[in-house]
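Please keep the sequence and the structure in view while reading.

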Amino acid sequence: MFLRPANRTPRPPALVLGLLASLVVVALLGASSAAAKTASEKLEAVEGKISEAQEREGVLTTAIAAMGRRIDALEGRVAGLRERESAVEAELAAKQAELDEAEAQLRRALDRLEQLRGQLRRALLALRARLVAMYVEGSPDITEIVLSAEDYDELVSSAYYLEALRESDTQLSERVKGLRDEAKRLVVIRSEAKQTIEAARDEIAAREQRLETTRTELQSREAELVAARGERRASLRSVRGEIDQHEEIAADLRAEIAAQLAASTGVPTLPAGSLPSPSAAGFIWPVDGVLTSTFGYRWGRMHEGIDIGAAEGTPIRAAAAGTVVLVQSEASSGGYGNFTCVDHGSGLSTCYAHQSSIATSPGAQVGQDEVIGYVGNTGHSFGAHLHFEVRYNGAPVDPLGYL
């Protein structure tokens with residue numbers, strides 16, 4: 001049977017104070033942890049909003065690109081129609097010129113017809129007078145001329161006169177008939193030519209009108225698409241502004257979380273002052289700063305490294321010795337800003353993004369802790385920080401496993 005001693009020795013005051021101090025520390029740690037949790041929840045909510053906004057951004061970007069292609073296609077069709085309109089207009093102008101010439105010829109034909117009518121009237125009058133004279137005086141024949149002639153010369157003259165008279169009568173008759181036939185033929189030819197040319201001109205004008213109507217419809221559709229694209233571009237700018245605002249809030253929250261964690265543990269998240277000794281993997285932290293984002297999925301996509309917040313211009317040091325295998329400017333890195341990668345052998349490499357400037361060159365041999373660049377805010381970045389990646393055989397891995 002276990003008996004509790006009757007006279008228990010009281011605890012020393014120092015021990016009591018130590019326990020009280022421990023309780024206070026635990027309470028402070030709990031409060032700090034709760035604060036960090038609240039900030040983490042806020043960060044998660046903000047990252048969710050960023051993810052939603054980025055989805056809308058993707059949808060709008062796709063829609064704008066599709067509209068751009070449709071607008072380009074419509075512009076091409078409109079340009080083709082304009083070329084066809086120009087050709088039809090030229091054809092119509094040619095037909096109009098033919099019609100003008102045909103009308104001028106018709107007017108000349110009508111003038112000629114008027115002249116023929118005058119000649120015909122005079123010829124008819126002469127023929128009528130001749131016929132009346134023949135009826136009144138009778139038509140002499142060769143017997144009468146022979147019997148009435150006094151001598152041979154008179155006979156020859158009378159016979160010649162009679163033949164000339166008959167020839168004149170025949171010519172007059174044929175002249176009247178020819179004038180009448182020519183007048184009819186001119187009217188028919190010019191009338192048919194005018195009708196043909198007018199029909200061709202009207203058909204070309206109708207084609208031109210159809211082309212113009214189609215072009216107007218296409219231009220109307222193009223204008224509607226341009227207006228819709230403008231609206232979506234405005235929405236896209238709004239969404240991107242929203243993303244930027246959320247990114248700034250997220251960056252502040254990450255810094256707040258890192259500061260709270262550092263305060264709760266009494267140890268900074270990343271080393272301050274001189275760089276620490278290499279890790280078991282042989283790597284050192286590349287920069288003094290605060291861990292603001294970890295490796296893994298965020299905002300609906302993979303974050304292939306860690307983000308370390310630090311003042312712009314803070315030196316970036318090689319995490320391990322190796323060979324510089326890649327140096328890219330902000331213009332060519334595709335969002336990484338000024339970007340450097342170092343090959344450490346055995347399939348391992350490290351990459352350093354968003355630098356304000358690069359302090360090394362391709363092919364350079366760098367030692368561990370050697371300055372290879374400076375912290376910046378270049379590329380797709382929302383504040384000065386280092387985006388640090390570790391890759392094994394080209395595939396991204398969590399850098400915290402090597403630091």
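In this predicted model, the largest nonpolar core holds 22 residues, and those that touch the most other members are Tyr-352, Ile-372 and Phe-388. Strands β4 (306-309), β8, β10 and β11 each contribute at least two residues to this core, and β11 provides the largest share, with 3 residues. Apart from this core lies another one, made of 12 residues that include Met-67, Val-78, Leu-81 and Ala-228.

A search of the whole structure finds 3 aromatic pairs, and in one of them the ring centres of Tyr-352 and Phe-388 are 5.4 Å apart with their planes at 50 degrees, so the pair is classed as tilted. Because Tyr-352 belongs to strand β8 and Phe-388 to strand β11 (residues 385-392), this pair ties together parts that are 36 residues apart in sequence. Tyr-352 counts as buried because its relative accessibility is 0%, and Phe-388 is likewise buried, with a relative accessible area of 0%.

What does Phe-388 contact, once its neighbours within four places in sequence are left aside? The partners are Pro-286, Gly-305, Ile-306, Ala-319, Thr-350, Cys-351, Tyr-352, Pro-399 and Leu-403. One of them, Ile-306, falls within the range of β4 (306-309), while Tyr-352 is the ring partner in strand β8 already described.

Asn-338 is found in strand β7 and is buried, with a relative accessible area of 14%, because the cut-off for burial is under 20%. A polar atom of the Asn-338 side chain lies 2.9 Å from the backbone oxygen of Gln-355, and a polar atom of that side chain lies 3.3 Å from the backbone oxygen of Ser-356. Leaving aside neighbours within four places in sequence, the residues in contact with Asn-338 include Tyr-352, Ala-353, His-354, Gln-355, Ser-356, Ser-357 and Ile-358, together with Gln-328, Ser-329, Glu-330 and Thr-378.

The C-alpha atoms of Ala-331 and Gly-379 are 8.2 Å apart in space, although the two residues are 48 positions apart in sequence.

These local features belong to a protein with 3 helices and 12 strands. Of its 403 residues, 32% are buried, and its accessible surface comes to about 24200 Å², with 55% of that area belonging to carbon and sulfur atoms. Among the contacts with a separation of 6 or more, 66% are between residues 24 or more positions apart.

Terms used: Residues are numbered from 1 along each chain as its sequence is written. This is a predicted model: local features need pLDDT of at least 70, side-chain atom pairs count only at pLDDT 80 or more; totals for chains, interfaces and linings use all residues. Side-chain values use heavy atoms; hydrogens and water are left out. Helices (H or I, at least four residues) and strands (E, at least two) are DSSP runs, numbered from the N terminus. Buried means under 20% relative accessible area, exposed over 50%, partly exposed in between (1.4 Å probe, protein chains only). Contact means heavy atoms within 4.5 Å. Accessible areas come from the Shrake-Rupley method with a 1.4 Å probe; for residues, only the protein chains shown count as cover. Rings of Phe, Tyr and Trp (its six-membered ring) pair if their centres lie within 6.5 Å; planes under 30 degrees apart count as stacked, over 60 as edge-to-face and the rest as tilted. A nonpolar core is a set of buried Ala, Val, Leu, Ile, Met, Phe, Trp, Tyr and Cys residues joined through side-chain atoms within 4.5 Å. A polar contact is a pair of N or O atoms within 3.5 Å; within protein, one must be able to donate a hydrogen and the other to accept it, and residues adjacent in sequence count only if both atoms are side-chain atoms.
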